[in-house]
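Please look over the sequence and the structure before reading on.

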Amino acid sequence: MSNPARTVTTGLASALSAPSPGTGTTGSTGPSSRRTDGPARVVVDLDLPGATISRHLYGHFAEHLGRCIYGGFFVGEDSEIPNTRGIRHDVVDALRALRIPNLRWPGGCFADEYHWKDGIGPREQRPRMVNSHWGDVVEDNSFGTHEFMDLVELLGTEAYVNGNVGSGTVAEMSEWIEYLTRADDSPMASLRRQNGREEPWKVPYFGIGNEAWGCGGNMRAEDYAALARQYSTYVRDHAGNEVTRIAAGASDDDYGWTEALMKAIGTLKGRETKPKPFQAISLHHYTMSGPWQDKGSATEFTEDEWYLTLARAARTEELVARHSTVMDHYDPHKQVGLVLDEWGTWWNVEPGTNPGFLYQQNTVRDALVASLHFDGFHRHADRLVMANIAQTVNVLQAMVLTDPDSGALVLTPTYHVFEMNAGHQDAAALDAHVLLPEEPREIEGRTLPSISASASTTGESALISLSNLDASEGRALVLDLRGREVAGHSARVLTGACSAAHNTPEQPDAVAPVELTTVREHERGLEVELPPHSFATVQLQLG
Ligand code: AHR
């Protein structure tokens with residue numbers, strides 16, 4: 001949600017508040033292009049690897065919201081839908097193919113009213129509660145800590161547990177991490193064993209509340225910063241489990257919030273310091289084409305709304321760059337991570353669905369919003385250590401949608417971008433310079449080139465991601481590949497019959513990747529033809 005009571009910015013933070021056009025790849029504040037008199041080109045220096053693109057930039061988020069957990073991940077053991085201990089097989093199988101690196105849970109706004117002890121022990125004895133943020137529905141706590149950690153294991157991913165600062169206590173948070181990760185016969189480890197789990201789990205990421213400026217307690221930055229110091233202190237490292245504590249960060253361009261949190265850590269001059277009491281700061285930013293009250297339709301939009309949406313998606317990179325600049329001031333060696341743990345499109349809900357459940361369709365436009373985000377993430381991999389799309393199943397910009405009646409599962413266009421980009425996880429970023437014969441579009445004071453690109457290498461191979469943001473025109477471009485021999489290549493493309501194309505149970509592959517056959521050898525490398533409104537990946541074997 002956007003922050004209604006914004007932090008008062010001073011000094012450094014306020015200097016960053018003006019918009020700026022993209023400025024190039026290094027230190028970039030957005031996708032950019034340079035003018036060329038020749039054909040469109042993407043220049044990639046294959047022999048100059050940069051920062052490692054953490055696999056955690058491809059992270060996920062599952063909240064107790066609408067049909068994300070209940071009906072999405074979890075249907076219960078008695079369901080006709082095939083499941084393991086209540087967790088859907090089809091959803092797990094689809095997500096395993098994405099190699100999702102981490103899953104954030106239980107919220108979001110829900111995290112700050114969740115009391116974890118209500119979600120352990122025999123299910124029939126678990127107390128019920130009201131999920132006041134999301135539909136005002138009754139939550140029966142049948143999906144709790146054990147079910148979440150079971151899901152984490154089935155997915156082969158890592159846990160990012162988000163604690164409760166808004167309505168919880170320090171003791172409650174402290175006991176949760178003890179329950180999850182302690183090996184001996186401590187009170188909480190013993191309680192875990194009584195509930196059927198002998199071994200401690202690994203919990204590498206722990207959130208210290210969520211959106212403390214809003215649904216997480218309506219706090220002022222300095223007040224929350226003091227609580228973040230206090231709560232983080234009691235999220236202990238037990239039994240060799242090393243936790244990265246993530247303080248609840250800013251909304252959008254609230255640079256003052258980030259500055260208050262950095263001040264709470266203090267200036268980090270040396271490289272040897274493990275930042276205390278928290279090691280990372282979050283940021284939330286959503287993309288919509290209208291104002292908060294009328295965010296726009298997921299499937300019905302004009303060409304102007306297409307470009308406006310993509311320009312706004314590209315702004316995320318500016319926000320990441322500027323929050324990073326604030327952090328650089330206090331932490332020049334980048335020891336505190338920036339975690340964009342909520343991003344993605346937020347549209348008006350699908351007509352006829354519960355407004356509190358945030359269920360929306362997902363089109364080619366969403367796919368390109370995702371690819372633009374990833375291009376920006378790759379350029380800021382030195383500070384941005386994690387990002388989590390909101391949310392994985394049936395909520396906002398989801399990977400998979402499940403039909404509430406038939407149970408049928410559909411993979412979204414956004415899912416396919418995650419799958420096609422999976423090769424960037426833990427690879428080294430490569431600069432990818434876009435040169436175009438035309439000037440970029442100007443939208444809301446920022447530039448939007450019609451091509452966006454990013455690249456990475458593992459040493460033996462390289463992966464190049466290309467987005468044609470033009471709603472109606474295809475584009476031929478030259479991949480100008482420098483510094484290494486290219487021994488082989490293959491390419492795939494994702495598009496649909498129109499920019500609003502999307503998948504349904506009746507047409508599950510209306511938007512699905514296929515081989516890109518329009519790739520030819522060229523004296524500079526390769527020549528590629530991209531269809532209108534498309535995303536492509538080119539895989540290179542390096543000699
Ligand atoms: O993702 C939906 C909601 O958006 C989250 O609960 C909250 O943190 C944000 O406002």
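A residue is called buried under 20% relative accessible area, exposed over 50%, and partly exposed in between, using a 1.4 Å probe and protein chains only. The model is predicted, so local features need pLDDT of at least 70 and side-chain atom pairs count only at pLDDT 80 or more, while totals for chains, interfaces and linings use all residues. Residues are numbered from 1 along each chain as its sequence is written, and side-chain values use heavy atoms, with hydrogens and water left out.

**Two domains**

The protein chain divides into domain 1 (11-48 + 429-542) and domain 2 (55-425); such bounds come from an automatic or database domain assignment. Domain 1 puts 54 residues into the contact and domain 2 puts in 48, where contact means heavy atoms within 4.5 Å. The C-alpha centres of the two domains are 28 Å apart. About 4100 Å² is buried between domain 1 and domain 2, and carbon and sulfur atoms give 62% of that area. Buried area here is the accessible area (1.4 Å probe) that two parts lose on being put together, summed over both.

**Salt bridges**

Side chains of opposite charge can pair when their charged atoms come close. A salt bridge is a side-chain nitrogen of Lys or Arg within 4 Å of a carboxyl oxygen of Asp or Glu. The structure holds 34 salt bridges, and three are found across the interface of domain 1 and domain 2.

| Pair | N to O distance |
|---|---|
| Arg-312 and Glu-444 | 2.7 Å |
| Glu-77 and Arg-123 | 3.1 Å |
| Lys-117 and Glu-175 | 2.5 Å |
| Glu-529 and Arg-520 | 2.7 Å |

Glu-77 is partly exposed, at 43% relative accessible area, and Arg-123 is partly exposed too, at 28%. Lys-117 lies in the loop between S6 and S7 and Glu-175 in helix H4 (residues 170-181), so this pair ties together parts that are 58 residues apart in sequence. Helices (H or I, at least four residues) and strands (E, at least two) are DSSP runs, numbered from the N terminus. Lys-117 counts as partly exposed at 40% relative accessibility, as does Glu-175 with a relative accessible area of 26%.

In the remaining pair, Glu-529 is partly exposed at 35% relative accessibility and Arg-520 is partly exposed at 36%. Elsewhere, a network of salt bridges links Asp-328, Asp-331, Lys-334, Asp-382 and Arg-383.
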